[in-house]
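Here is a walk through one protein model, written for someone meeting it for the first time. Have a look at the sequence and the fold, then read on.

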Amino acid sequence: MSEPLIRAQGLRYTYMADTPLAVEALKGVDLEVWPGEAIGLIGPAGAGKSTLVQHLNGLLRPRASGQLWIDGQDMGDPRVDARPLRRRIGLVFQRPEDQLFKTLVGDDIAFGPKQLGLPREEVRERVRWAMEMVGLDFRTFVDRPVVSLSGGERRRAAIAGTLALRPSTLILDEATSGLDPRGRRQLLDLLRRLHQEEGTTIILVTTHMEDLVGLAGRVVVLAGGQTVLEGSLREVYGQAELLRRHGLGVPQMAEVGEALAARGCRLSRVPLTVQEAEEEIAPRLGVSCGVV
Ligand SMILES: Nc1ncnc2c1ncn2[C@@H]1O[C@H](COP(=O)(O)OP(=O)(O)OP(=O)(O)O)[C@@H](O)[C@H]1O
Ligand SMILES: [Mg+2]
């Protein structure tokens with residue numbers, strides 16, 4: 001592979017810099033994301049996840065120190081225009097209300113494609129497609145006022161607005177929160193499809209570590225404004241102590257594995273799914289897992 005899509009080195013960011021209220025949110029983040037990858041970004045509240053992802057589509061720019069290159073562009077260079085980048089790298093905000101600003105759902109989702117200068121018909125087609133992708137029925141919701149939507153529907157509308165740009169990279173900041181279990185599964189299936197079938201690069205910020213199973217090839221842990229751990233899901237979820245020290249949990253199945261290991265059962269791997277846990281446990285109970 002040629003160049004990483006995103007490369008951050010020692011990236012720092014301070015809110016309200018040079019004031020008594022200054023908050024150092026990023027304290028030297030190193031990160032590389034390759035085109036076509038799907039990565040998970042986890043970390044406790046206040047770790048700097050949202051601050052970091054807002055840098056990754058050019059909304060925030062490196063100021064004082066550290067470097068950030070996106071698509072070969074030096075984001076610390078004030079002459080670099082971030083607007084074209086935001087069309088290719090779509091960010092779904094943590095809070096849908098930060099993103100939805102039009103009165104009607106359809107107008108909101110159409111906003112991005114209109115800005116791209118697409119013909120009316122194509123704009124409508126994209127709105128229809130994006131709404132269907134996120135499970136919002138077009139006829140029911142297109143003319144609904146945004147304020148009348150439930151929390152989960154708002155979340156879906158915000159995701160649709162970003163999808164309608166058809167970005168080659170999709171960053172989602174805790175996008176599964178507020179969705180019911182079925183909505184969560186549907187969104188994760190959609191991300192998997194976009195990743196596998198269209199080669200979309202995915203960066204998923206989540207506090208639900210299970211969300212990353214079957215989607216992310218790599219997970220990055222951010223704590224206190226720094227990258228503290230990085231690796232495959234199995235590598236990272238196997239570091240239960242370290243994750244707990246940073247105020248994080250461990251996915252339940254990994255915890256099952258940990259409990260078995262504590263009882264002296266040597267596991268062949270950290271289980272990530274119910275099926276993997278079953279495969280570890282059943283032979284010890286002397287029962288067959290059946291055909292898998
Ligand atoms: N607009 C802002 N002004 C001042 N401080 C901010 C602002 N946004 C975030 N911060 C501070 O920066 C730090 C990192 O915040 P950030 O929102 O990036 O964390 P996070 O990992 O996304 O947390 P969460 O899991 O709660 O969403 C926190 O200490 C937060 O209080
Ligand atoms: Mg956040």
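Setting aside neighbours within four places in sequence, Ala223 is in contact with Gly43, Pro44, Ala47, Val228 and His246, where contact means that the C-beta atoms, placed from the backbone, lie within 7 Å. Ala223 sits in strand β9 (residues 218-223). Why does Ala223 count as buried? Because it has 21 C-beta neighbours inside 10 Å; a residue is buried with 20 or more other C-beta atoms within 10 Å of its own, exposed with 12 or fewer, and partly exposed in between. Ala223 and Ile42 are 181 residues apart in sequence, yet 8.6 Å apart in space, C-alpha to C-alpha.

A word on where this comes from: it is a predicted model, with local features needing pLDDT of at least 70 and side-chain atom pairs counting only at pLDDT 80 or more, while totals for chains, interfaces and linings use all residues. Residues are numbered from 1 along each chain as its sequence is written, and chains are lettered from A and ligands numbered from 1 in the order in which they are written.

Now for the whole chain. The protein chain holds 11 helices and 10 strands; these are DSSP runs numbered from the N terminus, helices being H or I with at least four residues and strands E with at least two. Its radius of gyration is 21 Å, close to the 19 Å that the globule rule gives for 292 residues, so the chain is as compact as a globular protein of that length. That radius is taken over C-alpha atoms, and the rule is 2.2 Å times the number of residues to the power 0.38. Along its principal axes, the C-alpha trace spans about 65 × 50 × 40 Å. Buried residues make up 40% of the 292 residues. Of the contacts with a separation of 6 or more, 61% are between residues 24 or more positions apart.

Next, a sheet. Four strands form an open sheet in the order β2-β1-β4-β5, with antiparallel pairing, and two strands pair if DSSP finds at least two bridges between them. The edge strands, β2 and β5 (73-74), each pair on one side only. Here are the pairs:

| Strand pair | Bridges | A residue pair |
|---|---|---|
| β1 and β2 | 8 bridges | Thr14 and Glu24 |
| β1 and β4 | 4 bridges | Arg7 and Trp69 |
| β4 and β5 | 2 bridges | Trp69 and Asp74 |

Helix α1 lies across β1 (6-15), β2 and β4, running at about 55° to β2. That angle is taken between N-to-C directions on a scale from 0 to 180 degrees, with axes fitted to C-alpha atoms, for helices over the stretch in contact.

Which residues are closest to ligand 1? They are Tyr15, Ala25, Lys49, Ser50 and Thr51, out of 13 that surround it, each with its C-beta atom, placed from the backbone, within 6 Å. Both β2 (23-33) and α1 (49-56) give two or more residues to this shell, and α1 supplies the largest share, 3 residues.

Finally, helix α3 (residues 105-115) has several buried residues, among them Val105, Ile109 and Pro113. The buried residues of α3 pack against α4 (120-133), α5 (138-141) and α6 (151-163). After α3 comes Gly117, whose phi is positive, near 80°.

How values were computed: Contact = placed C-beta atoms within 7 Å.
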